[in-house]
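I opened my notebook to look at the ligand site and then at the salt bridges. Here is what I looked up.

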Amino acid sequence: MTDAVRQLWGAPVEEALRARPGLRLADLDARATPGFTGSKADGRAAMAATGVRLADLQERLYAHGRTGGTRSVLLVLQGPDTAGKGGVVREVLGMVDPQGVALRAFGVPTPAEREQHFLQRVRAALPPAGRIGVFDRSHHEDVLVPRVEGLVPPDVLERRYDEIVRFEEEVVAAGTTVVKVLLWVSADEQHARLRTRLTQPEKHWKYDPSDVDARLRRGAYEEAYEAVLERTSTDVAPWYVVPADRRWFARLAVTALLHRALDDLGLGWPAPTYDVAAELARLDASR
Ligand code: ATP
């Protein structure tokens, strides 16, 4: 992060956004910009500047992965419909080399997936060494929809929270930094965004009638998301809650969180496995 950008953050991003115990999503101001003191224009400039750093760090991570390194980063994106997961993927991950990104979106489990343990499809999608993995929805969906819809017995649901915590601990121990982000959009802003999907023909394809059903169960979903935060936010894999009514802030915040995760890896450039001077001489001699 450049000094100019750092000054716009009144508090380190990971402190400003980390899920606090007992957080009530109904009380969250989704238009807030926690930790960030600048305007929208400042936010755009900060995002571009941080994006340049992010691209450099991502290239180092990729280089390490190509030369025997074992580290990787996993960005888990959760949030209600219209919270802006797709925009984050496009605008934030769009700033780094696509070769270094492993994106996976999780939809309703297929009949074959339902036969497996719920973590199996997720395990299979973990990022290889050197990559930034992105989960657009994730294993956390398995304690959201089933809880709200009553699809699994309570004891199975209870067990899943613990399984998720253990799974994420394992993933971190294997060298993957896990960054979990809940994008939170207010009911009013969600209404406005869904309305746009219905009033603009080019957005009709994005509308799904079931989005309104989920809206009608917003209270139950809030409670389910709060349980996810409460039960699965750990020191090794904490949740960050990003107010997402202002798209520019949500994208900036995820950029800053990812930047922080990659910066913490402290990666330089890998040392060459060959004699640079000798190769230079050989190359020049080949002219
Ligand atoms: P989005 O709404 O994320 O932009 P989409 O509607 O285009 O995505 P879909 O392929 O329809 O994507 O999948 C998203 C849907 O799948 C969501 O309604 C989500 O709740 C559901 N889903 C994902 N994982 C699970 C799960 N494990 N159990 C039940 N439902 C799930």
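Which atom of Gly 107 lies 3.2 Å from a nitrogen atom of the ligand? I found that a backbone N or O atom of Gly 107 is the one at that distance. I note that this is a predicted model.

**Ligand site.** I looked up two side chains next. Asp 81 places a polar side-chain atom 3.2 Å from an oxygen atom of the ligand. Arg 137 has a polar side-chain atom 2.8 Å from an oxygen atom of the ligand. On its own the ligand has 630 Å² of accessible area, and the protein covers 60% of that. Among the residues around the ligand are Lys 85, Phe 106 and Glu 141.

**Salt bridges.** I recorded 20 salt bridges in the structure. I started with Asp 235 and Arg 18, whose closest N and O atoms are 3.2 Å apart. These partners are 217 residues apart and link distant parts of the chain. Asp 235 sits in the loop between helix H11 and strand S5. Arg 18 sits in the loop between helix H2 and helix H3. Asp 235 counts as exposed because its relative accessibility is 70%. Arg 18, at 30%, counts as partly exposed.

I then checked Arg 218 and Glu 222, which form a salt bridge at 3.3 Å. They are 4 residues apart in helix H11, so about one helical turn separates them. Are these two residues buried or exposed? Both Arg 218 and Glu 222 are buried.

How values were computed:
Residues numbered from 1 in each chain as written. Predicted model: local features only at pLDDT ≥ 70, side-chain atom pairs only at ≥ 80, totals over all residues. Heavy atoms only, no water. Near = heavy atom within 4 Å. Polar contact = N/O pair within 3.5 Å; in protein donor to acceptor, adjacent residues only side chain to side chain. Areas by Shrake-Rupley, 256 points an atom, 1.4 Å probe, with all protein chains shown as cover. Salt bridge = Lys/Arg side-chain N within 4 Å of Asp/Glu carboxyl O. Helix = DSSP H or I, 4+ residues; strand = E, 2+ residues; numbered from the N terminus. Buried < 20%, exposed > 50% of the residue type's maximum accessible area, 1.4 Å probe, protein only.
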